[in-house]
Structure formats: structure tokens, C-alpha cells
Amino acid sequence: MTDTDSAIDPDPTELREQLVAANHILVRQGVLDAFGHVSARTAAGADTFLLSRNLAPGSVTADDLLVHDLDGRASGDRPLYLERFIHAEIYRRRPDVMAVVHSHSPSVIPFSLCATPLRPVIHMAGFLASERTPVYEISDYAGDASDLLITSAGLGASLAITLAGDSVALMRGHGSVTAGSSLRESVYRAVYTEVNARIQLEAHSLGNPRYLSAGEAKSSDETVGGQADRAWNVWRDQVTQERNQSK
Ligand SMILES: [Zn+2]
């Protein structure tokens, strides 16, 4: 099995190792901190996914990963993430999605608050919707006194409907979700969503940015997205090295 094959349909042990690495990579890249989570569907077409028990992503080990079903249930009595329904309801509606990241990465949040849409401004982020990244407005579903968290299947479903067929959706005053056809792709997209948002914010301070056209976004996504493995390998080596040094 090649490195690329294993990203598409890894064996369960390898998927667990990759998901541990994904947790640590996303912390190191500033996408996750003490909060947020990343999951992976257990196999193509499966109605189950792997997600850590309720734990800071930087502390996740293979033993912490639990198989969840699409109702957000997992065996055992260890506490689960409150927002596991984000993952369950996206997998339920999107058979093409093999991995989901939910983060509070800070540069994207301003675009959930104001009318200016998050749009692709760099070739590394052609996966973003070219006109407007969708924004989930939780008060439409949970009223005006909620804690903004996706703590039920109903709220997860409404978020998944807002995401629809896109790669990224923003959650007003909270964060974002990123979906992809492999764990590597979802990690890559989560990192470059944050980078694109940072650059777009900086560009707005200079004037009105020129966005990628729909055609440029599509072409660059096809070219650059096919090389997500390169980023994954570098990022994985960094976290492995750091883990070994701290032993
Ligand atoms: Zn959250």
C-alpha cells in the first residue's frame, strides 16, 4: 500500500495513528487549541467515525479515540465532546466526506460577524466557495440565548445543511467546520482556511482585495489540492520529532 493509498482507505490501526497526528498537527498549526476537534470516518460508506473522548487535542493518544455512530453515541462511559453532533450530522448528509475539523481558529471568526464574506484570495485556498463561505446563524435554530454550541443532533443537522456541498462553513461568533475527502485533505483545508482569512484581513487593511475568480479557484484547487500530502508529511514529521524530543 502506498502512502497515498493509506490516506484514502487506511487500516484501523493506521487510521488511529493518523488521527492522533492530525490532532497534534492542528494544534501546532494554530488551528486547534485547548478546544476544537478532528474526526475521521472509519471507512468509505461507513456510518461510524473515530473521534477522541472529551480531551484537549494536544493530549490525544490512540487509546482516547472512540468509534461514534451517527447519533453521536460511543461505547463506554468516558465523557464525549459536547459538539460531536457536528461530525455525525455532516457524515450523515455527505457520503463524500471522510474527515471533519471543527475549530475556533481566530482569523476566520471576523468573517462570521460582518457582511464581508470569506473568499479565496490565495491559490492555496481554492477549495473555499468562490463567492461566499456560508455562515451558520445559530439563533435561527436555538433562539437568542443559546451558548452557541452544537449540542444536539438537530443543531448539527442545521449546521450540516448550511455547509451543504461546500468544504467550509463559518459559525457566527464561534468558529468553523472543514470537510474533506480524506483526513489529510481536511487538515490541509483547515490550516489554509486560517491562512487565507489572515491574508484577506490584512489585504482589507490596504484596500479592496482582488479575489481569485471562480475559474482560478477551481484550477488552483485541482493543482494544489493534489499535493496536500507534501504538507501532511512535513507537519507530521514536525510533531513526531517534537514528541520524541519531549520523551
Ligand atoms: Zn466549538
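Which residue of β7 is the bridge partner of A169? The legends below begin with that strand pair.

**View 1. Strand β6 (residues 168-171) and its pairing with strand β7 (residues 175-180).** The model is predicted: local features need pLDDT of at least 70, side-chain atom pairs count only at pLDDT 80 or more, and totals for chains, interfaces and linings use all residues. Residues are numbered from 1 along each chain as its sequence is written, and side-chain values use heavy atoms, with hydrogens and water left out. V177 in β7 is the bridge partner of A169. The two strands pair in the antiparallel sense over four bridges (pairing requires at least two DSSP bridges between strands; strands are DSSP E runs of at least two residues and helices H or I runs of at least four, numbered from the N terminus). They form a hairpin with three residues between them, and G173 in the turn has a positive phi of about 65°.

View 2. Strand β5 (residues 135-136) runs parallel to β6, joined by two bridges. Y136 stands opposite M171.

**View 3. Packing of helix α3 (residues 84-93) on helix α6 (residues 153-163).** The axes, lines fitted to C-alpha atoms over the stretch in contact, are 8 Å apart at an angle of about 55°. Residues in contact (heavy atoms within 4.5 Å) include F85 and I90 of α3 and A157 and L159 of α6.

How values were computed
Axes are lines fitted to C-alpha atoms, for helices over the stretch in contact, and angles run from 0 to 180 degrees between N-to-C directions.
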